[in-house]
Amino acid sequence: MDFYYLPGSAPCRAVQMTAAAVGVELNLKLTDLMKGEHMKPEFLKLNPQHCIPTLVDNGFALWESRAIQIYLAEKYGKDDKLYPKDPQKRAVVNQRLYFDMGTLYQRFADYHYPQIFAKQPANPENEKKMKDAVGFLNTFLEGQEYAAGNDLTIADLSLAATIATYEVAGFDFAPYPNVAAWLARCKANAPGYALNQAGADEFKAKFLS
């Protein structure tokens, strides 16, 4: 299946780890937003929203990383550990995915992207909100090994892509011991984590150095 992506993108890395977890090989199609490759007619035909990541599985096109993760887990997962069928367990995984999208990842972007792309000074209020988001994750992890319980799920893969970006940006996890311990577990156990790390390192080299 074709996968339109940028390696530095946390959402793209989350999908790559999910594909590794379910044993699906992706046909990688580098899509450089800076060069406008996402605005080419052939890409717009696949995805009129012209965003990455975008997956094309036998003619079926899908975008939004967390939707892609769910699709891969449901269609190709060997069992339901990555995305549990139990309604309450699944609800917690979904909550963590939405937390990543709307809070954890968003607050990283709100703090760092104006500095990276608009050369604006750091905003202390946005920095506090970013730290608060990591604090929420630290609380979620209290007494459990992974974000939605004691099994690794697609929520961990999405969150780990975001937190890897925090890490390369120099975020101090010392005040958040649950997050630090969880990240170490993800590095050791999450399928495809090496791809995640390589992509985060590329993001750092391109935008934070």
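Gln 16 touches Phe 3, Tyr 5, Leu 26, Leu 28 and Leu 195, with residues up to four places away in sequence not counted; contact here means heavy atoms within 4.5 Å. Gln 16 itself is placed in helix α1, residues 10-22. Helices, as I use the word, are DSSP runs of H or I with at least four residues, strands are runs of E with at least two, and both are numbered from the N terminus. The relative accessible area of Gln 16 is 8%, which makes the residue buried. For that term, buried is under 20% relative accessible area, exposed is over 50%, and partly exposed is in between, with a 1.4 Å probe and protein chains only.

A word on the basis of these values. The model is a predicted one, in which local features need pLDDT of at least 70 and side-chain atom pairs count only at pLDDT 80 or more, while totals for chains, interfaces and linings use all residues. Residues are numbered from 1 along each chain as its sequence is written, and side-chain values use heavy atoms, with hydrogens and water left out.

Let me turn to the annotated regions. In the model, residues 1-80 are 39% helix and 20% strand, and their end C-alpha atoms are 22 Å apart. Residues 86-207 are 75% helix and 0% strand, with the end C-alpha atoms 41 Å apart.

Next, a helix pair. Helix α3, residues 65-76, packs with helix α6, residues 154-168, at an angle of about 145 degrees, and their axes are 10 Å apart. The axes are lines fitted to C-alpha atoms, for helices over the stretch in contact, and the angles run from 0 to 180 degrees between N-to-C directions. Which residues make the contact? From α3 they are Arg 66, Gln 69, Ile 70 and Ala 73, and from α6 they are Ile 154, Leu 157 and Ser 158. By class, the contact of α3 with α6 has four nonpolar residues, two polar and one charged. In this scheme Ala, Val, Leu, Ile, Met, Phe, Trp, Tyr, Cys and Pro count as nonpolar, Asp, Glu, Lys and Arg as charged, and the others, Gly among them, as polar.

Ala 205 is exposed, at 53% relative accessibility. Between Ala 205 and Val 168 there are 37 residues in sequence, and 9.3 Å in space from C-alpha to C-alpha.

I move to the loops. Asn 47 sits in the loop between α2 and β3 and is buried, at 0% relative accessibility. Leaving aside neighbours within four places in sequence, Asn 47 is in contact with Thr 54 and Trp 63. The C-alpha atoms of Asn 47 and Ala 61 are separated by 7.2 Å, although the two residues are 14 apart along the chain. His 38 belongs to the loop between β2, residues 27-30, and α2, and is buried, with a relative accessible area of 14%. The residues that His 38 touches, not counting those up to four places away in sequence, are Thr 31, Leu 33, Phe 43, Leu 44 and His 50.

Some backbone features deserve mention. Most residues other than glycine have a negative phi, and most peptide bonds are trans. Where does the model have a cis peptide bond? One joins Ile 52 and Pro 53, with omega about 5 degrees, and Pro 53 is found in the loop between α2 (41-46) and β3 (54-57). Asn 58 has a positive phi, near 55 degrees. Asn 58 lies in the loop between β3 and β4 (60-63), and is exposed, with a relative accessible area of 78%. Lys 119 has a positive phi of about 55 degrees although it is not a glycine. Its loop is that between α4 (87-117) and α5 (124-140), where Lys 119 is exposed at 68% relative accessibility.

Finally, the cysteines. How many disulfides are there, if a disulfide is a pair of cysteine sulfur atoms within 2.5 Å? The count is zero. Cys 12 is in no disulfide, and the nearest cysteine sulfur, that of Cys 51, is 9.4 Å away, which is too far for a bond. Cys 12 is buried at a relative accessible area of 0%, and Cys 51 also counts as buried, at 18%.

Terms used. A disulfide is a pair of cysteine sulfur atoms within 2.5 Å.
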